[in-house]
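Hello,

Here is the structure I promised to pass on. Have a look at it first, and then read on for my notes.

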Amino acid sequence: MSESLEDKTVVIVGAGPGFGRTLALRAAERGATVVVAARTASRLDGIVDEVRAAGGRAIAAAVDATEPESVRALRETVAQHTDAVHGLVYSAFAVPSMKPLAQTDHEQISRGIDLSVLGALRATQEFTPLLEAGGAQGDETQGDGAQGEEVQGDGAHRSPSSVVMMASAVIHHSRERYAGYKIAKTALVALGHSLATELGPRGIRVNTVAPGYIYGDTLRAYFEHLATKYGGTVEDVYEHTAAKMDLRRLPSEREIVDPVLFLLSDAASAVTGQTLTVDCGEFHT
């Protein structure tokens, strides 16, 4: 099965300047038409310009995932360009409250759940008809026989479309101050399980990806802050953090994006209802 995204349309909800930008560029490189959607229109224009400059196809659309009408408008915009969507990536993010639960306002937790969980549900609900159409358009593939031969008839199936929701490796620990964020991301994983069961018969796969640290501009800036606050260098902070990983390093943005591209592709046509942790071996599940 191919990891190409040729002739596929992929919608990225929450296409920020780091992960979202890299995902859009890499998906377009593999042949996809990418729809980048987020609240900050100026960021989207920059991503679209980069994709097009590299020879890819991209569309920008504003969306607020916490507003049902905005998500519906996004779907209507996409439907003006295509009658089928083959991939939906939900990566909308806001900086969470970093306080112990005893000091966290319930409204902060509610906002996190609204954006991370209900936003993903809104987007998936709106795009289900287009995703179903995308799965129906997939190439027929053949199942393997008992001896590995290709078989016809009952072994043939369509390649389903794919929903990938971005969780976090925070689901694997209970460190102080991360509780509100963990509540939302753990609920997102549960949502993915239920959607996989409900949408599978309609030719739609649903999976979540749980990144650990993502070493890009944002994290480097945070490490610079820590180095200034506590003394030492950015390299010292990096090495201290990476010491907890089996690979003794942090994953790059591209190393988070590539597993998402795999899950979007026909190479993952039998993978659904799963959570893939990408963290260089910080947690074992």
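This is a predicted model: local features need pLDDT of at least 70, side-chain atom pairs count only at pLDDT 80 or more; totals for chains, interfaces and linings use all residues.

Let's start with strand β2, residues 33-38. This strand is mostly covered, with 6 of its 6 residues buried. Thr33, Val35 and Ala37 point one way, while Val34, Val36 and Ala38 point the other way. In a regular strand the side chains alternate between the two faces of the sheet. Here the residues pointing either way from β2 are all buried.

What are the partners of β2? Strand β1 (residues 9-13) runs parallel to β2 and is joined to it by 5 bridges, with Val11 opposite Val35. Strand β3 (residues 57-62) also pairs with β2 in the parallel sense, over 6 bridges, and there Ile59 is the bridge partner of Val35. The chain gets from β2 to β3 through helix α2 (residues 41-53), in a right-handed β-α-β crossover. β1, helix α1 (residues 19-29) and β2 likewise make a right-handed β-α-β unit.

Now to helix α5, residues 179-199. Its 21 residues, at 1.5 Å a residue, should span 30 Å, and this agrees with the model because the end C-alpha atoms are 30 Å apart. Several residues of α5 are buried, among them Tyr181, Ala184, Lys185, Leu188, Leu191, Leu195 and Leu199. Residues three or four places apart in an α-helix point the same way, because there are 3.6 residues a turn. The buried residues of α5 pack against helix α4 (106-136) and against β7 (161-166), β8 (204-211) and β9 (275-278).

Best wishes

Notes: Residues are numbered from 1 along each chain as its sequence is written. Side-chain values use heavy atoms; hydrogens and water are left out. Helices (H or I, at least four residues) and strands (E, at least two) are DSSP runs, numbered from the N terminus. The expected span of a helix is 1.5 Å times one less than its number of residues. Buried means under 20% relative accessible area, exposed over 50%, partly exposed in between (1.4 Å probe, protein chains only). Contact means heavy atoms within 4.5 Å. Two strands pair if DSSP finds at least two bridges between them. A crossover is right-handed if, with the strands pointing away from the viewer, the path from the first strand over the helix to the second runs clockwise.
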